[in-house]
Amino acid sequence: MRTLSRALSLLSAAVLLMSSVCYAGNDPRECEVCMKVMTEIREKMTKEEIKDKPKIEEAIGKHCANEKLPSREKKICYYIDPIKRDVAQPFSLGMPVDRLCKRINKNNAEICSVKFPVKTENLEPKDLTKLRVKQLKSILLDRGVECKGCVEKEEFIKKVQETEHLAGSDEF
């Protein structure tokens, strides 16, 4: 009996561990800005250049020197610039951009925290109800609005709708 209960507790612990690991990598927006920047850099390079680390570092510098980069991409460049060499190694081996961004995220945990804003224009109230409170808070934060006293999801939705005129041009 004791062995059975021990086996069940080990099994339940393993299931919890596996579910938390699976859940952690399921955010489709994780590292989205980093992946976009790395994809753009890779697309501008030839196959020979992709294997040459100094050329990769040069391409990263050239891409990040572009004055017309959106603010979130500039932020990624700010984080990546000091670690160009660490980025060039897996980049030269042809590592997929999602794995590359997650790897460099280990050096600087803020890299994957940079996300594009949630698109809110032309959203119906029923569409806003599908968003999580965290996303609604993010929308308000991007607009520079505080929702003091907001507790319920409906209150956040109402505040997002009230501040629609503050939606910036930085939304995609």
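The accessible surface of the protein chain amounts to about 11800 Å², and carbon and sulfur atoms contribute 55% of this area; areas here follow the Shrake-Rupley method with a 1.4 Å probe, and for residues only the protein chains shown count as cover. The model is a predicted one, in which local features need pLDDT of at least 70 and side-chain atom pairs count only at pLDDT 80 or more, while totals for chains, interfaces and linings use all residues. Residues are numbered from 1 along each chain as its sequence is written, and side-chain values rest on heavy atoms, with hydrogens and water left out.

Of the 172 residues in the protein chain, 32% are buried, where buried means under 20% relative accessible area, exposed means over 50%, and partly exposed covers what lies in between (1.4 Å probe, protein chains only). The secondary structure consists of 10 helices and zero strands, with helices (H or I, at least four residues) and strands (E, at least two) taken as DSSP runs numbered from the N terminus. Contacts, defined as heavy atoms within 4.5 Å, also say something about the fold: among those in the protein chain with a separation of 6 or more, 61% join residues 24 or more positions apart.

Two packed helices are described by the angle between their axes and the distance between the axes. Helix α2 (residues 32–43) and helix α4 (residues 53–64) have axes that come within 10 Å and cross at roughly 115°; the axes are lines fitted to C-alpha atoms, for helices over the stretch in contact, and angles run from 0 to 180 degrees between N-to-C directions. V37, E40 and I41 of α2 make the contact with A59, I60 and H63 of α4. H63, located in helix α4, is counted as buried because its relative accessibility is 4%. Leaving out residues up to four places away in sequence, H63 touches V37, E40, I41, K44, L69, E73 and C77.

Helix α2 also holds T39, which is classed as partly exposed because its relative accessibility is 28%. The C-alpha atoms of T39 and V97 are separated by 6.6 Å, although the two residues are 58 residues apart along the chain. In the loop between α1 (2–24) and α2 sits C31. Its phi is near 60°, a positive value in a residue other than glycine, and C31 counts as buried because its relative accessibility is 0%.

N107 is partly exposed, since its relative accessible area is 49%. With residues up to four places away in sequence not counted, N107 touches I83 and D86.

Helix α9 (residues 133–143) contains L136, which is buried because its relative accessible area is 0%. Apart from neighbours within four places in sequence, L136 is in contact with L128, L131, K153, F156, I157 and V160. For L136 and I157, 21 residues apart along the chain, the C-alpha atoms are separated by 6.9 Å.

Finally, a ring interaction deserves mention. The charged end of R42 sits over the ring of F91, 4.5 Å from its centre; this description applies if NZ of Lys or CZ of Arg is within 6 Å of the ring centre and within 35 degrees of the ring normal.
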